Amino acid sequence: MEPITFKSLIEIEGKHFILETSSMPGRPRYSYYIQLDGRIISQKESDFPEGLNDEGMKQYLQNGHKARAVELESIFRLNRKIDEKATPDTCWKMGVIFLSNGFYEDAKNRFLKAMELDGVHLQASKCYGITLMLLGDLEGAIAALNRAKDIGPSFADIYYHLGNSYLFNKDLDQSVQCYLQALQINPRYADARLRLGTACVGYLLQSGSQLNDAKSQELAERARKEAETAASLNPKVRNRSFILAIDYLKSKKYQQAYQAFLDVRPKYVPRTGDEIVFYFNLTLLYGNEGIDLLMTEQYVEKLGKVIEEYPQYADLHHHLGVAFLIKSRFDVTRSLKEFQKALEINPQYKKAIVHSADVEDLNKRVLAVLKKTIISAVNG
């Protein structure tokens, strides 16, 4: 199939975004990117569903492009609604949505607002530091993440992101200490092990010929061991960049090995499913039109795909359970309408009288449960 491309110019709040969705030549995959002022701010790749012919792939790509354009506009519309009644948690969650989609400046502003409303909001403080790192403000990121560490000293991921900020700032000693602290809290932290191995290669690169052969071999072996352990903990680590990094390490090409190790994993990997869950929950509270059955079904589908890949995440199963409960609410409402219609036609229809009362009771109980679950979901 010849490559297919859809391109749109979207104006939001005075900013002109370019959204482009394209099939990838020679592979059943597609990609999209969002560009602002000549800079790509968000980019993702995905597989086409199996069994599509050329026309089916074109239609799927076109539908996805349109949906992404609508989603882009709705994200910023939702952000404006949150400003009308902002809370620390809703600002943080909106920030996560921006962060996951590559809108770093908007994410930074959301996290700052959350911290303004709650000076010790741990998640906002951590995400603020991550955002500064992604924006290239490494000194600011280090200060913010150290502050987050003081608020929540037992969270491995704070030490991990702090270690990354030190690593990208060429402070290897501090980065190693942070990775070791993260691994002390969570020994199975694959990305921390990978970055620890990367720091070992950094020492080899930084020290050059000043190290004796024994010390160089020790650092190289430690780098290899940490990287292999990371790959055993998370198979996604063993990608093309990983294989190149190991080969460069073996041949003592430390500059190439260091860069390849950095390329194995992105600087920031969003927590699985967060942006999907947060967007749906915030739309429940702030969306102008609320949610409908179609949106709920799409949410169920997205969560289901994430769970297929990460079946061990208990919170995702919980969110999916809530989604099915919301979906059932539409069916209950439809059922009640039909019983009431039956009674309009025949007010003495006994079965409809009984069943209408039962469904009305069920409707009230479902609403009560939904109120609890949705409020707890939105408020953390």
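## Exercise 1: Helices H2 and H4

The crossing of H2 and H4 is left-handed. The model is a predicted one.

**Task.** Determine how helices H2 and H4 are oriented relative to each other, and state which residues meet.

**Solution.** 

Step 1. Two packed helices are described by the angle between their axes and the distance between the axes.

Step 2. Helix H2 covers residues 88–100 and helix H4 covers residues 122–134; their axes come within 10 Å and cross at roughly 25 degrees.

Step 3. Angles under 35 degrees count as roughly parallel. H2 and H4 are therefore roughly parallel to each other.

Step 4. From H2, the residues Trp92, Val96 and Leu99 take part in the contact; from H4, they meet Gln123, Ala124, Cys127, Ile130, Thr131 and Leu134.

Step 5. Sorted by class, this contact of H2 with H4 holds seven nonpolar, two polar and no charged residues.

## Exercise 2: Helices H6 and H7

**Task.** Classify the packing of H6 against H7 as roughly parallel or roughly antiparallel, and describe the contact.

**Solution.** 

Step 1. The axes of helix H6 (residues 156–168) and helix H7 (residues 172–185) cross at roughly 165 degrees and come within 8 Å.

Step 2. Since angles over 145 degrees count as roughly antiparallel, H6 is roughly antiparallel to H7.

Step 3. H6 and H7 form a left-handed crossing.

Step 4. On the H6 side, the contact involves Ala156, Tyr159, Tyr160, Leu162, Gly163, Asn164, Tyr166 and Leu167. On the H7 side, the partners are Leu172, Gln174, Ser175, Cys178, Tyr179, Gln181, Ala182 and Ile185.

Step 5. By class, the residues of the contact of H6 with H7 comprise eleven nonpolar, five polar and no charged.

Step 6. The loop between H6 and H7 contains Lys170. The phi of Lys170 is near 65 degrees, which is a positive value in a residue other than glycine. Lys170 counts as exposed, with 59% relative accessibility.

## Exercise 3: Helices H8 and H9

**Task.** State the angle at which H8 and H9 pack, and find which residues form their contact.

**Solution.** 

Step 1. Helix H8 (residues 190–207) and helix H9 (residues 213–233) have axes 8 Å apart and pack at an angle of about 160 degrees.

Step 2. This angle makes H8 roughly antiparallel to H9.

Step 3. The crossing in which H8 passes H9 is left-handed.

Step 4. H8 contributes Ala190, Arg193, Leu194, Leu196, Gly197, Cys200, Val201, Tyr203 and Leu204. These residues meet Ser216, Leu219, Ala220, Arg222, Ala223, Glu226, Ala227, Thr229, Ala230 and Leu233 in H9.

Step 5. The contact of H8 with H9 has 13 nonpolar, three polar and three charged residues.

Step 6. Gln210 lies in the loop between H8 and H9. With 72% relative accessibility, Gln210 counts as exposed.

## Exercise 4: The whole chain

**Task.** How many helices and strands are in the protein chain, and what percentage of its residues is buried?

**Solution.** 

Step 1. The protein chain has 15 helices and four strands.

Step 2. Of the 380 residues in the protein chain, 46% are buried.

Step 3. The C-alpha trace of the protein chain spans about 95 × 55 × 45 Å along its principal axes.

Step 4. Of the contacts between residues at least 6 apart in sequence, 53% join residues at least 24 apart.

Technical notes
Residues numbered from 1 in each chain as written. Predicted model: local features only at pLDDT ≥ 70, side-chain atom pairs only at ≥ 80, totals over all residues. Heavy atoms only, no water. Axes fitted to C-alpha atoms, helices over the stretch in contact; angles between N-to-C directions. Helix = DSSP H or I, 4+ residues; strand = E, 2+ residues; numbered from the N terminus. Parallel < 35°, antiparallel > 145°, perpendicular 65-115°, else oblique. Left-handed = near helix turned anticlockwise from the far one by under 90°. Contact = heavy atoms within 4.5 Å. Nonpolar A, V, L, I, M, F, W, Y, C, P; charged D, E, K, R; others polar. Buried < 20%, exposed > 50% of the residue type's maximum accessible area, 1.4 Å probe, protein only.
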